[in-house]
Amino acid sequence: MDAKKRFDEIAEEIKKVKIQGAGNIAKSALYAYSLIPTKESIKKLLSLRPTEPMLEKVLSLVGKKSYMEILSHFDSAQNGINRYVIKLIKNKDRIFTHCHSTNVVNALVFAKKSWAKFEVYNTETRPLFQGRRTADELRKAGIKVTMFVDSASAIAMEKENRKDKVYVNKVFLGADALLHNGIINKIGSGLISELAYSHKIPVYIIADSWKYSRKKVPIENRSLNEIWNRAPKDIRIKNPAFEFVPKKYITGIVTELGIMKYDKFVKKMRN
Ligand code: RUB
């Protein structure tokens with residue numbers, strides 16, 4: 001296929017969230033850039049998903065490292081993450097997750113293959129239902145999964161009134177951006193983290209360290225049609241795709257660099 005046509009196709013798939021998740025976006029953008037390696041391509045690719053420092057990081061490395069070197073980071077980081085995440089999982093854990101994060105799903109699948117006996121509660125993640133993808137991938141790996149509508153997160157997490165006395169005891173969230181004072185992840189992540197904090201349920205961020213950014217990262221506002229196609233014109237609709245999670249709600253962060261308190265991770269990244 002013609003390189004320009006393929007480039008445009010990938011750009012469109014990233015823009016329309018057919019290619020989703022920080023890591024997949026960064027890898028696909030790198031491939032698109034390799035087809036048309038110009039400054040204009042970088043500009044175009046960066047404009048597609050504004051809340052993605054990893055995309056920026058990967059494109060900043062082209063010319064300094066080979067494509068293979070850049071790409072090999074993703075697998076080696078995931079392998080590191082997997083090894084640390086498994087240390088956090090205990091028998092009979094009920095782990096809550098939101099949206100679809102490749103870093104989270106891969107780590108859970110690795111844990112399941114290794115030995116761990118746990119189950120997952122997840123959210124469907126409106127408006128684009130990325131939670132279905134998470135549920136499906138976990139199910140295929142033999143992990144017991146129960147899905148909730150986003151607004152049932154409180155019920156999914158409540159400890160009281162549960163006959164079986166088994167309840168969510170950990171939250172694993174992915175991240176798009178790792179900032180000095182907290183993280184950005186799919187809309188709903190802030191609410192879920194605050195809820196977990198109030199129930200004293202630990203929240204772990206599972207993410208590749210290349211998502212770290214010293215800059216201010218904007219929150220992407222997505223098409224209103226995702227919420228209500230052909231809504232009456234006089235109804236205002238807002239569709240922020242991501243949300244900030246302050247570090248006070250984060251028990252720890254798991255990257256390929258280890259399991260750390262959030263401040264320690266930031267200190268490490270600054271050095
Ligand atoms: C996806 C999302 C994911 C992060 C991390 O949002 O919020 O949790 O991107 O993903 P969207 P990964 O579906 O809008 O891209 O672990 O895959 O890098």
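In this predicted model, the shell around the ligand is drawn from two domains, with at least three residues coming from each of domain 1 (3-64) and domain 2 (75-270). The shell holds 18 residues around the ligand, and those that come nearest are Q20, S101, D176, N185 and K186. Sorted by class, the shell around the ligand is made up of five nonpolar, nine polar and four charged residues.

| Residue | Protein atom | Distance to an oxygen atom of the ligand |
|---|---|---|
| G23 | polar backbone atom | 2.9 Å |
| T102 | polar backbone atom | 2.8 Å |
| Q130 | N or O atom in the side chain | 2.7 Å |

Taken alone, the ligand exposes 460 Å², of which the protein buries 99%. The secondary-structure elements that give two or more residues to the shell around the ligand are the helices α2 (22-35) and α6 (102-114) and the strand β6 (182-186).

Turning to the fold as a whole, the protein has 10 helices and 10 strands. Its radius of gyration is 19 Å, close to the 18 Å that the globule rule gives for 271 residues, so the protein is as compact as a globular protein of that length. The C-alpha trace of the protein spans about 60 × 50 × 35 Å along its principal axes, and 51% of the 271 residues count as buried.

N185, which is among the residues that come nearest to the ligand, lies in strand β6, one of the elements that give two or more residues to the shell. The relative accessible area of N185 is 6%, and because the cut-off for a buried residue is under 20%, N185 counts as buried. The side chain of N185 is also joined to that of S189 by a polar contact of 3.0 Å.

I201 lies in the loop between α9 (189-198) and β7 (203-206). Is I201 buried or exposed? With a relative accessibility of 4%, I201 counts as buried, since this value falls under the 20% cut-off. The C-alpha atom of I201 is separated by 8.9 Å from that of T251, although the two residues are 50 residues apart along the chain.

How values were computed. Residues numbered from 1 in each chain as written. Predicted model: local features only at pLDDT ≥ 70, side-chain atom pairs only at ≥ 80, totals over all residues. Heavy atoms only, no water. Near = heavy atom within 4 Å. Polar contact = N/O pair within 3.5 Å; in protein donor to acceptor, adjacent residues only side chain to side chain. Areas by Shrake-Rupley, 256 points an atom, 1.4 Å probe, with all protein chains shown as cover. Helix = DSSP H or I, 4+ residues; strand = E, 2+ residues; numbered from the N terminus. Nonpolar A, V, L, I, M, F, W, Y, C, P; charged D, E, K, R; others polar. Domains from an automatic or database assignment. Rg over C-alpha atoms; globule rule 2.2 N^0.38 Å. Buried < 20%, exposed > 50% of the residue type's maximum accessible area, 1.4 Å probe, protein only.
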